[in-house]
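This report describes selected features of a protein model. The sequence and structure are shown first, and the description follows.

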Amino acid sequence: MSTYAMTWNLDSLFQGGSHSSELKNYVQQLEVHLDELESLISSFMPPSSTDETEPLHHMIEALQVAVKELEEFSAFTSCLQAQDVNDTGAGQWLAKRSELGARLNNVLVRLDETFITIDDEIWTSLLQQPSLKELSFVLEERRQKAADKLDASRESLINDLSVDGYDAWELMYDRLVAKLSVEVEGRSLSVGQASNKLDSPDRSVRKEAFDQLQKAWQNEADVFSETLNHLSGFRLQTYKHRGWENVLKEPLDYNRMSAATLETMWNVITDYKQAYIPYMRRKAELLGVDQLRFYDVEAPVGKTDSTKSFQEGASFIIEQFRKFSPKMADFAEMAFEKGWIEAEDRPGKQPGGFCTSFPDSEETRIFMTYSGSPASVATLAHELGHAYHQHVMNDLPVLNQGYAMNVAETASTFAEMIVADAAVKEASTKEEKMTLLEEKVQSSVAFFMNIHARFLFETRFYEERRKGIVSQDRLNELMLEAQKEAYMETLEEYDPTFWASKLHFHITDVPFYNFPYTFGYLFSAGIYAKALETGPEFEERYTALLRDTGKMTVEELAWKHLGVNLEEREFWEHAVELCTADLDAFMKYSEASMEG
Ligand SMILES: [Zn+2]
C-alpha cells in the first residue's frame with residue numbers, strides 16, 4: 001500500500017494556482033460559449049412542426065457546455081479560496097465567478113421563456129426525439145416551473161424589485177446579526193463565537209452562553225421580527241400573484257417530492273419518537289442534571305481517546321466500504337492515490353469540509369482538516385460518499401447531474417453510516433462504544449426533534465403571516481409551542497427566540513430550509529437498511545439509484561430502485577427502526593456504564 005499525501009493536487013486540473021494561464025484561457029473560452037448560447041436564444045423561433053428539432057437541440061447542447069464549464073471553473077475557485085484564505089488571486093476569480101453565474105441565471109430565465117412559446121403538442125413530441133429524450137424530465141420540469149409563474153414581464157418586474165425589496169431583508173438580517181455581541185466568561189464574543197460555546201463540555205459555560213444569547217436575541221427581537229415579517233410578506237405576496245395557494249409548493253417542487261411523502265415521513269417520526277423519551281432522561285442522568293435544557297441536548301456525554309493517523313483512517317474507510325461495495329472502495333483508493341483530498345492541518349485554511357465536482361475533467365476534490373478523531377474519520381467518509389455520487393454520474397449529460405437538497409446527502413450519509421457502525425463495532429471499551437452510539441442517537445434527535453420544530457414553526461408562522469404581521473411575542477410563542485411538541489415536552493427549558501437566531505428562516509434563496517435534511521437522513525437510513533438486508537448484490541442497485549438522482553422525482557426514484565412507495569409508511573418505518581436500534585444499543589451500554 002502506498003503512503004497517501006495529505007495535500008491535494010490542483011495542478012493536474014489547472015497548472016499554476018490562482019495565476020494559472022490555463023485557467024485564464026478556460027474562462028475566456030467559457031465567455032465565448034456564453035455569448036454563443038445567448039445568440040442562439042435570441043434567434044430562437046418556436047418550431048412549427050415536430051420535424052424542427054435542431055434549433056432546440058442546439059440550444060440545449062450549448063447550455064450544457066456553458067453549465068459544465070461554469071461548474072468546472074466555480075469548483076476550482078472554491079478550492080483555491082479554501083486552501084488559502086489569503087490568496088488575493090483567488091478573490092478575483094470569485095468575483096468573476098459571481099459575474100458569470102449571474103449571467104448564466106439570466107440566460108436560463110430567457111431560455112425557459114422560449115420553452116413556453118412552444119406549442120404543447122409539439123413540445124411533447126420533441127421531447128420524444130432521440131436527441132432530447134434523455135433530458136425530458138429536466139426540460140419538462142423547467143418548462144412547468146416557468147408555466148407556473150406569471151408572464152415574463154411581470155416575473156422580471158418581481159426579480160427587479162426583489163433586489164431591494166426581498167433579498168435586501170436577508171442582507172439586513174446578516175448585517176444586524178454581525179453587529180451583535182455577547183459577554184461570555186468575561187469576554188465579548190460575536191454570536192457565532194458564543195454559539196460555539198453551546199457545545200462546551202462544561203455546563204456552566206453552556207448555560208452562560210445560552211442565557212446571554214437569549215438576552216441578546218430578545219433585546220433585538222423587535223428588529224428581527226420586522227425583517228422576518230417583511231421577507232415572508234414579500235414571498236407570500238409573490239405566491240398570491242402567481243396563484244400559489246400552498247406555501248409548501250415551492251419547496252416541494254424544488255425537492256421534487258410530493259406533499260403526501262412529506263406528511264407520511266413526519267407522521268412516522270411522530271409515532272416513533274416516543275422511544276426517545278427514556279433517552280432524554282438517561283442523558284440527563286449521565287450529565288448529572290434533573291432534566292435536560294435546550295443547550296444540553298447536544299452536549300458530549302463521554303469521551304473517546306482513540307485516534308487514527310490519516311493513513312490508518314484511509315485504510316479503515318476503504319476496508320469498510322469494501323464490505324458494502326468494492327466499486328466504492330476502489331474509488332476511494334483512487335481518490336487517495338491521485339491526491340484528490342486536502343486534509344492537512346495548517347493555518348490559513350478555511351474551516352469546515354466540502355466535496356466539489358469538476359464535471360468537465362470528471363474529477364472531484366475533497367477539502368477538510370483531518371484531526372484523527374472519530375468525527376474526522378466520519379467527515380472524510382462523508383465527503384468520499386459525495387465524491388462517489390459524482391463519480392457514478394460522470395458520463396451523464398450535465399443537466400441530468402443536478403440533484404436537489406433532499407437527495408444531495410444520500411451517498412454521503414450512507415458512507416458515513418457504514419463507517420460509524422464499523423467504529424462502534426471496533427471500539428475497545430464500553431465507554432467508547434457508548435460515546436460513539438450517543439453521537440449517532442444525537443443525530444437522530446436533531447433530525448426528529450430540532451428540525452421537526454423548525455418545520456412546525458415555519459408552517460404555522462406562514463399561516464398566520466397571511467393574515468397580517470406576526471408580533472415578536474407571538475413569534476416566541478409559536479416557537480415555544482413547536483419546540484414543546486417536537487421535543488415531546490422532554491426539556492426543562494426551550495429556545496423561544498430560535499426564530500431570530502436561526503439563519504435558515506431568513507434566507508430568500510430556498511424556503512423551508514429544514515425538512516430536506518430529515519428526508520435526506522432517513523432516505524439514506526432506508527437505503528442502508530436495504531443494503532444490510534440485501535448483501536453484496538445491493539451494489540448494482542445502489543449505483544443505479546445514485547445515477548438517477550438528477551432526473552426523476554424522489555417517489556419515482558424509490559419506486560424504481562427500491563421497490564417502495566414513499567407515500568406509504570413502510571419505507572419510513574424501516575428507516576426509523578434502524579435509528580431506534582442504535583437507541584436501544586445506547587440504552588443498554590449506558591446502563592452498564594452507570595452501574596459500572
Ligand atoms: Zn454533505
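Predicted model: local features only at pLDDT ≥ 70, side-chain atom pairs only at ≥ 80, totals over all residues.

## Salt bridges

The model contains 38 salt bridges. Side chains of opposite charge can pair when their charged atoms come close.

Lys 283 pairs with Glu 438, with 3.0 Å between the closest N and O atoms. This pair connects distant parts of the chain: Lys 283 belongs to helix α14 (residues 277-287) and Glu 438 to helix α20, 155 residues apart. Lys 283 and Glu 438 are both buried.

A salt bridge joins the side chains of Arg 322 and Asp 330, at 3.0 Å from N to O. Arg 322 has a relative accessible area of 35% and is therefore partly exposed. Asp 330 also counts as partly exposed, because its relative accessibility is 42%.

Glu 342 and Lys 349 likewise meet through their side chains in a salt bridge, with an N to O distance of 3.0 Å. Glu 342 has a relative accessible area of 1% and is therefore buried. Lys 349 is buried as well, because its relative accessible area is 11%, and the cut-off for burial is under 20%. Salt bridges link Glu 342 and Lys 349 with Glu 344 and Arg 346 in a network.

The site links distant parts of the chain: His 382 is in helix α17 (residues 374-393), whereas Glu 409 is in the loop between α18 (405-408) and α19 (410-426), 27 residues apart.

His 382 is buried, since its relative accessible area is 15%. Glu 409, with a relative accessibility of 29%, is partly exposed.

## Nonpolar cores

The largest nonpolar core comprises 137 residues, and those with the most contacts inside it are Phe 321, Leu 384, Phe 448, Leu 522 and Phe 523. Helix α20 (residues 430-465) supplies the largest share of this core, 15 residues. Apart from this core lies another, of 48 residues, which includes Leu 13, Tyr 26, Phe 367 and Val 398.

Which residues does Phe 448 touch, leaving aside those up to four places away in sequence? The contacts of Phe 448 are Ile 269, Lys 273, Tyr 276, Ala 486, Tyr 521, Leu 522, Val 576 and Cys 579. One of these, Leu 522, is also among the residues with the most contacts inside the largest core.

## The β1–β2 hairpin

Strand β1 (residues 181-184) and strand β2 (residues 187-190) run antiparallel and are joined by four bridges. Val 184 stands opposite Arg 187 in β2. The two strands form a hairpin with two residues between them, and Glu 185 in the turn has a positive phi of about 50°.

The side chains of β1 alternate along the strand.

Key
Residues numbered from 1 in each chain as written. Heavy atoms only, no water. Buried < 20%, exposed > 50% of the residue type's maximum accessible area, 1.4 Å probe, protein only. Core = buried A, V, L, I, M, F, W, Y, C linked by side-chain atoms within 4.5 Å. Contact = heavy atoms within 4.5 Å. Pairing = 2+ DSSP bridges. Salt bridge = Lys/Arg side-chain N within 4 Å of Asp/Glu carboxyl O.
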